[in-house]
Amino acid sequence: MGFKVLVKRPSIVVGHRPIAMALLCLLFVCTATVQFGPAQAQPSTDLNQLLDEADRIKSANPERFAELVSQLEARRGEFDSQGGLFLDYLAGYAHAFNGDLDSAIAKYQGVYDSDAAPHLRYRVAYSIANLLAAQGRIEEGFPYLDSVLHWEPEIADLDLKQRGLQVAVIFYNLAGLYDLGLGTADRLLMQPMEGRNACVARMAWAESLLHLNRLGEHRDQILQGLDYCLEIGEILAASFIRIYVAKQDLAESNPTAALDRLNEGLSAVESTNYARAIGEYYAVIARALYDTSDLDGAIDFANRALETIGPDGYSVPHVSAWETLWKIATSQGDPAKALEYHLRYSAADRARLDDITAKSLAYHTSRHQSLQRISEIEILNKQNEVLRLERTLTQEESVYAQRITVLLGVLLLVAAGWAWRAVRDRKKLKYLAEYDDLTSVLNRRSFTEQTEHLLSQCEMQKQPLALILLDLDLFKQVNDTFGHLSGDCALRKVAEVCRSLQRGMDVVGRIGGEEFAITLPGCSAEDAEHFAERCRRTIAAVDTTECGHVFHVSASFGVADTRECGYGIKTLLSAADDAMYQSKKAGRDRVTVFHEAA
């Protein structure tokens with residue numbers, strides 16, 4: 001059930017994600033005996049049997065499932081309310097399986113808002129959360145995920161509880177909240193389970209560990225999970241675990257081990273016909289081949305990855321494949337291809353970072369809204385208590401009056417406390433939405449908005465404006481050699497240099513992993529070149545002792561201004577990026593000013 005049906009279906013693109021991914025969690029839904037409320041009259045045994053069969057075979061035998069749903073719909077009038085709600089759930093599943101996610105969510109929503117039995121509302125809650133996450137509608141999905149986690153302790157069926165937690169782990173991972181995914185996965189793995197549940201739980205656990213740079217600590221357990229998935233025939237889950245372990249091998253500079261592991265499962269993952277898994281598998285092989293200096297093989301697998309998932313998009317395999325092709329073209333001295341691939345890689349990587357930022361903001365917004373709802377409920381409860389006490393004043397007016405006064409004081413204090421907390425949370429959300437939390441400079445979205453505003457002002461006032469892009473040189477070597485903590489420290493040092501040199505009206509932002517941008521209103525390219533040169537020298541003199549290791553930091557700069565490029569931000573960014581690339585090509589650690597070719 002589940003994976004084996006899913007991977008045989010054609011891939012349909014929904015917002016850069018295959019429908020197969022949208023159904024990945026959905027097909028975890030357990031086979032459960034249909035239950036009806038004790039106070040309701042139960043439908044005939046024949047109907048019970050049909051409902052139970054449809055629930056049991058819904059992904060293993062889709063043709064029979066569709067036939068059963070049609071038969072049951074024709075006899076809907078024979079069901080009590082609970083039976084009809086369960087039929088709505090099955091109809092929603094059928095819509096999702098056929099790719100009509102909006103209709104599926106609408107069906108599930110009707111059950112969720114009804115008086116359905118707790119186990120059924122639990123199932124539709126995690127089904128809705130799963131489909132919304134797969135569509136990228138993270139903020140809409142969080143309330144349903146909250147319901148799943150709130151109701152889970154009350155669910156008696158252990159298998160059903162585990163499937164809800166599996167959806168929670170995968171939801172958090174899709175949202176980029178890997179720390180929450182890991183915590184939920186740890187909670188799930190503490191429970192006794194076997195078969196497909198155990199395999200999928202270990203796959204999701206491995207993904208969370210990989211993105212938190214902790215997979216190496218649990219390699220033996222992850223490999224045991226891989227063997228177990230292969231033993232029970234869960235090829236797709238096993239393939240993803242191979243990908244995660246191979247990525248850890250690459251992070252530990254062991255590409256040979258990664259290739260050996262991936263080659264063992266290559267034919268198996270190709271047999272699934274699941275484009276998302278095959279594309280990422282190819283992309284990781286390409287990276288491993290590049291690290292072993294097999295450039296022809298790396299080019300072949302990078303292109304196979306892009307052919308499988310399509311060249312456009314910003315998924316992890318897109319970023320990895322374009323990055324590999326860019327590095328190969330650069331090492332082979334092909335500047336035209338290197339520039340083309342670098343632009344594709346940069347665009348995919350930036351879009352992926354923007355997507356991660358948007359998901360993080362959606363999570364914090366959802367948390368803030370939950371706190372507000374709790375605050376409103378508590379205030380209403382206090383107000384109801386005040387009203388109740390007021391009705392008793394006629395009996396003991398003086399005593400109760402004193403109590404009312406005290407209670408009102410407490411209520412005001414509580415309201416003031418929640419109001420203060422709401423203001424604080426709004427400020428925190430505003431900061432998270434506008435600033436990069438590692439370097440404390442503007443994030444890409446806010447930098448772009450402020451620069452567009454400055455461009456508009458300068459154009460109206462007929463004033464020049466210059467833009468500087470800088471990218472740290474060989475920064476990946478710093479991370480690989482000294483670790484990500486030292487790399488993060490270096491990024492903060494560079495951000496401090498940029499802030500220390502900026503004027504009051506200048507704008508500084510981090511727009512990529514190790515890429516920063518500075519907007520200088522009122523400055524020409526010549527002025528910006530002097531500024532960039534001062535910034536370059538200051539960065540080169542940065543003392544990294546407090547980063548835990550002593551290493552040299554340098555950056556390549558690109559400068560563009562409105563006299564050459566006009567007042568469009570895209571044109572300015574593109575020109576500055578071209579100039580920065582020329583600095584890289586000329587040997588790094590230098591400043592290049594963009595000039596339009598004659």
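View 1. At a relative accessibility of 6%, Thr272 counts as buried; here buried means under 20% relative accessible area, exposed means over 50%, and partly exposed is in between, with a 1.4 Å probe and protein chains only. This is a predicted model, in which local features need pLDDT of at least 70, side-chain atom pairs count only at pLDDT 80 or more, and totals for chains, interfaces and linings use all residues. Residues are numbered from 1 along each chain as its sequence is written, and side-chain values use heavy atoms, with hydrogens and water left out. Thr272 belongs to the loop between α14 (255-271) and α15 (275-291). Helices (H or I, at least four residues) and strands (E, at least two) are DSSP runs, numbered from the N terminus. From Thr272 to Ile235 the C-alpha to C-alpha distance is 7.8 Å, while 37 residues separate them in sequence.

**View 2. Two loop residues with positive phi.** Most residues other than glycine have a negative phi. Asn213 is not a glycine, yet its phi is positive, about 55 degrees. You will find Asn213 in the loop between α11 (195-211) and α12 (219-231), where it is exposed, with a relative accessible area of 55%. Ser440, also not a glycine, has a positive phi of about 65 degrees. Ser440 sits in the loop between α19 (397-434) and α20 and counts as partly exposed at 35% relative accessibility.

View 3. The structure holds 13 aromatic pairs, where rings of Phe, Tyr and Trp (its six-membered ring) pair if their centres lie within 6.5 Å, and planes under 30 degrees apart count as stacked, over 60 as edge-to-face and the rest as tilted. Trp326 and Tyr345 are a stacked pair, because their ring centres are 5.5 Å apart and their planes are at 15 degrees. Trp326 lies in helix α17 (residues 316-331) and Tyr345 in helix α18 (residues 335-391), so this pair ties together parts that are 19 residues apart in sequence. Tyr345 is buried, at 15% relative accessible area. Elsewhere, ring pairs link Phe86, Tyr89 and Tyr108 into a cluster. Look also for Arg121, which lies over the face of Tyr112 at 5.3 Å from the ring centre, and for Arg304, whose charged end sits over the ring of Phe301, 4.3 Å from its centre. A charge sits over a ring if NZ of Lys or CZ of Arg is within 6 Å of the ring centre and within 35 degrees of the ring normal.

**View 4. The second largest pocket.** This pocket holds about 280 Å³ of space and is lined by 12 residues, with Arg350, Arg444, Lys570, Leu573 and Ser574 nearest its centre. The elements giving two or more residues to its lining are α18, α20 (444-460) and α25 (569-585), and α18 gives the most, with six residues. On a 1 Å grid over the protein atoms alone, a pocket is an open set of points with protein on both sides within 12 Å along at least five of seven lines, a cavity is a set where a 1.4 Å probe fits but cannot get out, and lining residues have an atom within 4 Å of a point.

**View 5. The largest cavity.** The structure holds two cavities of 30 Å³ or more, and the largest has a volume of about 50 Å³. A volume is the space filled by probe spheres set on the grid points, which are joined across faces, edges and corners. Among the residues lining the largest cavity are Leu472, Asp473, Phe475 and His552.

**View 6. Strand β6 and its partners.** Seven of the seven residues of β6 (residues 555-561) are buried. Both faces are covered, with Ala555, Phe557, Val559 and Asp561 on one side and Ser556, Gly558 and Ala560 on the other. Seven bridges join β6 to strand β3 (residues 465-472) in antiparallel fashion, and Leu472 has Ala555 as its bridge partner. With strand β7 (residues 591-593), β6 pairs in the parallel sense over three bridges; Phe557 has Val591 as its bridge partner there. Two strands pair if DSSP finds at least two bridges between them.

**View 7. The β4 and β5 hairpin.** Strand β4 (residues 507-510) and strand β5 (residues 515-521) pair in the antiparallel sense over four bridges, and a hairpin joins them through four residues. Gly509 has Ala517 of β5 as its bridge partner.
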